[in-house]
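Some notes from a read-through of the model follow, as numbered points. Please check them against the coordinates.

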Amino acid sequence: MIRVGTSLCLGCQSCFNVCPGQNIIRNETDGRITVHWKRCKEECDLCVKMCPAGAITLVPWDEIEPEWEISFDLVACKICGSRYATEPMLKKIESSLPAEIQKDSTGLEWIRICPVCRRNIEAESLAKLILPGRRKNDWRCSWHFLAGKRGLYPGRMRLLYNLIIFAGMRI
């Protein structure tokens, strides 16, 4: 049976992701996540091994042992405002990383930004580094970049590119 140390739980959902019996339920509504641990007769201990905080222990089956439930508010991304992680999760990451790694050269705190915004920022910075030099040398590179910015899918981009090349050869 599962026993949860509520003061230790980070709300990271690692236990939910590995439970083969689906005895751990996660519910996310209105910027709040709730994790519910059912009474479990299985002795698989995957949730215990995967818990980064050591908040879960297995105890002998007991009818009067309560089902555990913990709720966390999700933290909003500093850029887009979407809710993506719990405060205890972020504090655990911040405490384990050196301070010089937590911010980039512009002072942006990466931990407090959602994964989608992180990818977008990295893609934009790489595009600024790579594309200007390549645009001067290769018109196809800039065309693919602009087509991607306009929301064309890779298959459509390839089709349009081939049509332009084909039309150019016929002229």
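1. Thr34 has a relative accessibility of 18% in this predicted model, and because buried means under 20%, Thr34 counts as buried. The residue belongs to strand E3, which covers residues 32-37.

2. The side chain of Thr34 has a polar partner: a polar contact of 2.9 Å joins it to the side chain of Ser71. When residues up to four places away in sequence are not counted, Thr34 touches Ile25, Arg26, Asn27, Glu69, Ile70 and Ser71. Of these, Ile25, Arg26 and Asn27 fall within the range of strand E2 (24-29), while Glu69, Ile70 and Ser71 fall within that of strand E5 (68-76).

3. The largest nonpolar core has 17 residues. Ile2, Ile24, Trp37 and Ile56 touch the most other members of this core. At least two residues of the core come from each of strand E1 (2-4), strand E3 and strand E5.

4. Trp37 deserves a separate entry. With neighbours within four places in sequence left aside, Trp37 is in contact with Ile2, Val4, Cys9, Cys15, Asn23, Ile24, Ile56, Glu67, Trp68, Glu69 and Ile70.

5. Next, the backbone. Most residues other than glycine have a negative phi. Gln13 has a positive phi, near 70°, and lies in the loop between E1 and helix H1 (14-18). Its relative accessibility is 17%, so Gln13 counts as buried.

6. Gln22 also has a positive phi, in this case near 50°. It is located in the loop between H1 and strand E2. Is Gln22 buried or exposed? Gln22 is exposed, because its relative accessible area of 62% lies over the 50% cut-off. Gln13, by contrast, counts as buried.

7. On the surface, Ile93, Leu97 and Ile101 form a nonpolar patch. Together these three residues have about 230 Å² of accessible area. Ile93 sits in helix H3, residues 87-96. With a relative accessible area of 35%, Ile93 is partly exposed; the value therefore passes the requirement of over 30% for a patch residue.

Note on methods:
Residues are numbered from 1 along each chain as its sequence is written. This is a predicted model: local features need pLDDT of at least 70, side-chain atom pairs count only at pLDDT 80 or more; totals for chains, interfaces and linings use all residues. Side-chain values use heavy atoms; hydrogens and water are left out. Helices (H or I, at least four residues) and strands (E, at least two) are DSSP runs, numbered from the N terminus. Buried means under 20% relative accessible area, exposed over 50%, partly exposed in between (1.4 Å probe, protein chains only). A polar contact is a pair of N or O atoms within 3.5 Å; within protein, one must be able to donate a hydrogen and the other to accept it, and residues adjacent in sequence count only if both atoms are side-chain atoms. Contact means heavy atoms within 4.5 Å. Patches are made of residues with over 30% relative accessible area and no salt bridge: like charges are joined within 9 Å, nonpolar side chains (Val, Leu, Ile, Met, Phe, Trp, Tyr) within 5 Å. Accessible areas come from the Shrake-Rupley method with a 1.4 Å probe; for residues, only the protein chains shown count as cover. A salt bridge is a side-chain nitrogen of Lys or Arg within 4 Å of a carboxyl oxygen of Asp or Glu. A nonpolar core is a set of buried Ala, Val, Leu, Ile, Met, Phe, Trp, Tyr and Cys residues joined through side-chain atoms within 4.5 Å.
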